[in-house]
Amino acid sequence: MADEEICSGPVLAPVDFSPHSAAALLWAAECARRFDAPLLVLHVVHDLGAAPGYYSKTGDEGYLLRLEESAEEMLDEFLGRVRRDHPELDDVSELRTELVVGLPANRILEVAARSGTRMIVMGSQGRTGLAHLLLGSKAERVVRLSPIPVTIVKAEPPLGAAA
């Protein structure tokens with residue numbers, strides 16, 4: 001792969017509407033601005049019907065459409081809040097959003113490959129110990145499987161919160 005190909009794609013910022021993903025979005029926006037690159041903000045609607053332990057009626061895709069519509073509204077509200085609190089986000093030359101359905105880590109990597117992403121910037125809660133073993137980590141999976149650089153950003157804890 002030529003250097004021009006590596007450096008020509010967008011910066012991908014997967015978001016889940018958490019404070020960690022807001023912090024990652026700001027970091028990704030700064031990277032995009034410095035690289036003079038587009039910023040692709042991605043939200044993955046977790047398809048519960050495709051996950052083990054969940055039930056869905058075959059042929060009933062209506063539930064998924066409602067999830068997607070709600071997620072799209074939430075993504076717009078999330079971006080609106082972040083833009084209101086951080087007007088520097090508007091300095092990014094090109095900001096696109098995308099909404100996909102599936103298992104988050106897999107879909108993040110698929111979108112990154114399809115869009116020619118130069119780097120992924122995502123938030124992480126940084127769970128450790130038993131919670132990490134039981135729940136797994138989308139961020140860790142993306143880091144392990146990604147062929148391109150991944151930056152993990154954690155939000156600062158609120159003042160007075162236990163670290």
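Reader: Leaving aside its neighbours within four places in sequence, with which residues is P10 in contact?

Author: The model is predicted, so local features need pLDDT of at least 70 and side-chain atom pairs count only at pLDDT 80 or more, whereas totals for chains, interfaces and linings use all residues. Residues are numbered from 1 along each chain as its sequence is written, and side-chain values use heavy atoms, with hydrogens and water left out.

Setting aside neighbours within four places in sequence, P10 is in contact with P38, L40, R96, S115, G116, T117, R118 and M119. Contact here means heavy atoms within 4.5 Å. P10 itself lies in the loop between α1 (3–6) and β1. Helices (H or I, at least four residues) and strands (E, at least two) are DSSP runs, numbered from the N terminus. With a relative accessible area of 4%, P10 is buried. The term buried means under 20% relative accessible area, exposed means over 50%, and partly exposed lies in between (1.4 Å probe, protein chains only).

The chain has 6 helices and 5 strands, in the sequence pattern α-β-α-β-α-β-α-β-α-α-β. An open sheet of 5 strands has the order β3-β2-β1-β4-β5, with parallel pairing. Its edge strands, each pairing on one side only, are β3 (95–102) and β5 (150–153). Two strands pair if DSSP finds at least two bridges between them. On average, and with direction ignored, neighbouring strands of this sheet are turned by 25 degrees against each other. Axes are lines fitted to C-alpha atoms, for helices over the stretch in contact, and angles run from 0 to 180 degrees between N-to-C directions.

Strand β1 (residues 11–14) is joined to β4 by 2 bridges in the parallel sense, and L12 stands opposite I120 in β4. Strand β4 (119–123) is mostly covered, with 5 of its 5 residues buried. In a regular strand the side chains alternate between the two faces of the sheet. In β4, M119, V121 and G123 point one way and I120 and M122 the other way, and all are buried.

Helix α6 (residues 138–145) lies across β4 and β5 and runs at about 165 degrees to β4. Within α6, A139 is buried, with a relative accessible area of 7%. Beyond its neighbours within four places in sequence, A139 is in contact with M122, G123, S124 and I152. The C-alpha atoms of A139 and V153, 14 residues apart along the chain, are separated by 9.9 Å.

Helix α6 also meets helix α4 (residues 104–115): the two axes come within 9 Å and cross at roughly 40 degrees. The pair is therefore oblique, given that angles under 35 degrees count as roughly parallel, over 145 as roughly antiparallel, 65 to 115 as roughly perpendicular and the rest as oblique. P104, A105, N106, I108 and L109 in α4 meet K138, R141, V142 and L145 in α6. The residues of this contact divide into 6 nonpolar, 1 polar and 2 charged. Ala, Val, Leu, Ile, Met, Phe, Trp, Tyr, Cys and Pro count as nonpolar, Asp, Glu, Lys and Arg as charged, and the others, Gly among them, as polar.

Two loop residues deserve a backbone note. F17, in the loop between β1 and α2 (19–35), has a positive phi of about 75 degrees although it is not a glycine, and counts as buried at 18% relative accessibility. D36, in the loop between α2 and β2, likewise has a positive phi, near 55 degrees, but counts as exposed at 62% relative accessibility.

For the chain as a whole, buried residues make up 37% of the 163 residues. Of the contacts with a separation of 6 or more, 76% are between residues 24 or more positions apart.
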